[in-house]
Amino acid sequence: MRFLSWVMVGVLVLGTSACSRFIEYDGPEVTRIEVHKSTRQMYLFHNETILESYEFELGFAPVGDKQIEGDGRTPEGRYTIDRRNPNSEFYLSIGISYPNEQDREEAAALGFSPGGDIFIHGTPRAFRRADDWTWGCIAVTNAEMRQIYAMVNDGTIIDIFP
């Protein structure tokens, strides 16, 4: 009976560690990310070689460049990955350096805040299979987000195209 208890504890420990949100990546460095909003395709590159590609969901108003806070659009332009959130409300997330100086100036000219907190993140159960549901972020599956979180380092360039 005691042996069986130890076996069960071992199985539980191994099972729990296998379900970790964090995975290891030891492949080529991701040197840049390209996001193509119109085709809903995101590519992770090492120099000119595509390492991975993903489909994604956008904000609830997906067409056009983000201008102001709450417009439901995803920004367009060149940014960097500037932070990570392992405790994200949306599984895991990596931050995009929006707004930049130009974004702030454009929003100010309209008399509004540009907003912020734009991320690539996972998808909670309530939004699975939903189209364009974020507030301007880029949403992938949780399994894909695990992979992206492991592969992409802070400081990586991200180009977001219409």
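This section describes the strands, a helix and the aromatic contacts of a predicted model.

Residues are numbered from 1 along each chain as its sequence is written. In this predicted model, local features need pLDDT of at least 70 and side-chain atom pairs count only at pLDDT 80 or more, totals for chains, interfaces and linings use all residues, and side-chain values use heavy atoms, with hydrogens and water left out.

Helices (H or I, at least four residues) and strands (E, at least two) are DSSP runs numbered from the N terminus. Strand β5 pairs with β4 in the antiparallel sense over 4 bridges, where pairing requires that DSSP finds at least two bridges between two strands. Within this pairing, Ser93 of β5 is the bridge partner of Asn85. β5 and β6 also pair in the antiparallel sense, over 4 bridges, and Ile96 stands opposite Ile118 in β6. Both faces of β5 are covered, with Ser93 and Gly95 buried on one side and Ile94 and Ile96 buried on the other. Buried denotes under 20% relative accessible area, exposed over 50%, and partly exposed in between (1.4 Å probe, protein chains only).

Helix α3 (residues 142-151) has the buried residues Asn142, Met145, Ile148, Tyr149 and Met151. An α-helix has 3.6 residues a turn, so residues three or four places apart point the same way. The buried residues of α3 pack against β2 (41-46), β3 (49-55), β4 (77-85), β5 (93-96) and β6 (118-121), contact meaning heavy atoms within 4.5 Å. The charged end of Arg84 sits over the ring of Tyr149, 4.5 Å from its centre. Arg32 likewise lies over the face of Phe45, at 3.9 Å from the ring centre. For such an arrangement, NZ of Lys or CZ of Arg must be within 6 Å of the ring centre and within 35 degrees of the ring normal.

The structure holds 6 aromatic pairs. Rings of Phe, Tyr and Trp (its six-membered ring) pair if their centres lie within 6.5 Å; planes under 30 degrees apart count as stacked, over 60 as edge-to-face and the rest as tilted. Phe60 and Trp135 form an edge-to-face pair, 5.0 Å centre to centre with 85° between the planes. Phe60 lies in the loop between β3 and β4 and Trp135 in the loop between β6 and β7 (138-139), so this pair ties together parts 75 residues apart in sequence. Phe60 is partly exposed at 43% relative accessibility, whereas Trp135 is exposed at 59%.

The pair of Tyr79 and Tyr98 is also edge-to-face, because the ring centres are 6.1 Å apart and the planes at 65°. Tyr79 is buried, with a relative accessible area of 2%, and Tyr98 is buried at 4%. Phe90, Phe127 and Trp133 form one aromatic cluster.
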